[in-house]
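Biologist: I have a model open and would like to learn how to read its features. Could you walk me through them?

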Amino acid sequence: MVDEKAIEAAQKQYGELLRKQLERVERLKNEPDWTDYSKLDKLIIGVCGGDGIGPYICNDARKVLEFLLADKIAAGKVEVRNIDGLTIERRVEVMKAIPDDTMEELKKCHVILKGPTTTPKKGDPWPNIESANVAMRKELDLFANIRPVSVPELGINWRFFRENTEGSYAVGSNGINVTDDLAIDYCVATTQGTERILRAGFDYAKKSGANYVSVITKANIIKTTDGKFLNIAEKVAKDYPEVRWDDWFIDITTAKLLDPARRSAFRVFVLPNLYGDIITDEAAQIQGGVGTAGSANIGKRYAMFEAIHGSAPRMVDEGRAKYADPCSMIKAVAMMLEHIGEVEKARKLDMALDVCVQFEKRLVMTGRDTGATGEEFAKYVIETVQRPDLEKVWKDYVDAAAAKQQ
Ligand code: IPM
Ligand code: MG
C-alpha cells in the first residue's frame, strides 16, 4: 500500500523548498556589482580559526599575511580582525551552522580567511547541523569556488571554477525522508547561478591568456540540471570567441587527470558543486596532497579564503596540532592577496611556497614531531619570500625538475 499521507507531507516540504529557491532566483536577478577593493578607505580582513587544527594553521598563515601587508596595516589601509564563534561547540550550543552574532561580524569584513570547520555527519557525536562552510558560501553568496593546482615540472597548471551555492549542495541539508524506506535529495541549477560561474571561468581563461575551458558534467545521465549547465555553457562560450572550449563527463575527467599524455593540456575547468568538490581533492593530491591546496570562495560582495581540507580533529586528540601543515592556508593567503589586487605579492608568495614545499625542502612537514611545526614552516616561507634571488631560484628549480621529467 502506498502511503498517500507521506506523499502529501513530502509535497508540502517540496513546495517550501521550491519557494525558497525561486525567491533566491529573484535575489540573483538583482545582484550587487563586484566590490572594488581599490576604492575602499580601509580593507577589513576577518580571520576565523575554525575547529581542530584550524586555529593553528590559520594563525601560521595570518603571520604570513600580516608580514606581506605590514606597510598597509601600519598605514591604516588594512585591518586584520579576529572573528570568534565559528567553533563546533559554539555552533552546537546555538544549533546553527553559523551563530547569528558571528555572521554579523563576518558581514562587517570585506574578505575572510577561514580555518577548517568540523562538519558533522550522521553518526557523529555532534547533532547533524549544516556545514559552516556551506552555510557561509550560501549566506555570503560566494558562488565561485576557485582552486588552482600547479605542478610546474609536470606541466600542470589547472584552475578549477567550482559552482559553490547550487547543485547537490543547495538543499543538501533539506532532503526529504518521504518514508522510512525512501530518502530523496535534490540538485538545483538556476540560469543565473549557472551563467555566473561559467562567465567567471571564461573571463579568467580570456584574461589570463589560458584561452581554454573544459566544462565538466554528467549531462548524459543527470539530464536536467547538468543538461542546463551544458546548454548555458554553449551560450556563454559564444561571448568568448577567442576561448576554445570542450565538455567532458566527470568520470572520464577523473581518469584523465592521471593521464600524463592528456592532463597537461587542461587549463580551466568549470563544473557543478559536487563534481568540483570531488575532483579538486584528486587534483590537490597530484600536487602533493590536500594540505598543499588553497581555495577562494568569491562572490560579488564578499570573498572567503580557506584550505580545501577538513579540521583533522585526530591530530588535535593525538597532540599533533602544532605539526599540522599550514601550506593550504598560506596558499589561501596568496589567493586573497591576488583577489584584493596585491598581484605581485601573491605571485612572490606562490613562488616561495613552490620553493619551500616542492623544491628546496629545507623544512618538511610530516604532521608529527619528525618534521617541522607549522610555526617554523610559516617562518621559512616568510624568509623565502624575502629572498632577493627568489625569482631566479624558482625558475632554476622548475627548469631542472622539468628536465628530469623528460
Ligand atoms: C571543501 C570541503 C567542504 C565541501 C566540506 C567541508 C563542507 O570538502 O571545501 O571541498 O564539501 O565543500
Ligand atoms: Mg572537498
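Modeller: Let us begin with accessibility: a residue is buried under 20% relative accessible area, exposed over 50%, and partly exposed in between, using a 1.4 Å probe and protein chains only. Asp71, with a relative accessible area of 47%, is therefore partly exposed. This is a predicted model, where local features need pLDDT of at least 70, side-chain atom pairs count only at pLDDT 80 or more, and totals for chains, interfaces and linings use all residues. Residues are numbered from 1 along each chain as its sequence is written, chains are lettered from A and ligands numbered from 1 in the order in which they are written, and side-chain values use heavy atoms, with hydrogens and water left out.

Biologist: Which residue does Asp71 meet in a salt bridge?

Modeller: The general idea is that side chains of opposite charge can pair when their charged atoms come close. Here a salt bridge is a side-chain nitrogen of Lys or Arg within 4 Å of a carboxyl oxygen of Asp or Glu. Asp71 pairs with Lys345, at 3.5 Å from N to O. Lys345 belongs to helix α14 and Asp71 to helix α3 (residues 70–74), so this pair links distant parts of the chain, 274 residues apart. Helices are DSSP runs of H or I with at least four residues, strands are runs of E with at least two, and both are numbered from the N terminus. By the salt-bridge rule, the count comes to 43.

Biologist: Which residues form salt bridges with Glu195?

Modeller: Arg199 is one partner, with the closest N and O atoms 3.2 Å apart. Arg199 and Glu195 both lie in helix α7 (residues 191–208), 4 residues apart, about one turn of the helix. Lys235 also meets Glu195, at 3.3 Å. Because Lys235 lies in helix α8 (residues 225–237) and Glu195 in helix α7, that pair ties together parts 40 residues apart in sequence.

Biologist: How many disulfides are there?

Modeller: A disulfide is a covalent bond between the sulfur atoms of two cysteines. The cut-off is a pair of cysteine sulfur atoms within 2.5 Å, and the count is 0. Take Cys48: its closest cysteine sulfur, in Cys58, is 6.9 Å away, which is too far for a bond. Cys356 is in no disulfide either, with the sulfur of Cys327 nearest at 7.6 Å. Cys48 is buried at 1% relative accessible area, and Cys356 is buried at 1% as well.

Biologist: Where do the domains lie, and how do I read the region between them?

Modeller: Bounds come from an automatic or database domain assignment. The assignment gives domain 1 (1–28 + 143–289) and domain 2 (31–142 + 299–406), with C-alpha centres 24 Å apart. Counting heavy atoms within 4.5 Å as contact, 25 residues of domain 1 touch 22 residues of domain 2.

Biologist: How much area do the two domains bury between them?

Modeller: The size of an interface is often given as the accessible area lost when the parts come together. Buried area is what two parts lose on being put together, with a 1.4 Å probe, summed over both. Domain 1 and domain 2 bury about 1,900 Å², 51% of it on carbon and sulfur atoms. On the domain 1 side, Phe143, Pro152 and Glu153 lose the most area, together 30% of what that side buries. Between the domains, the count is 3 salt bridges.
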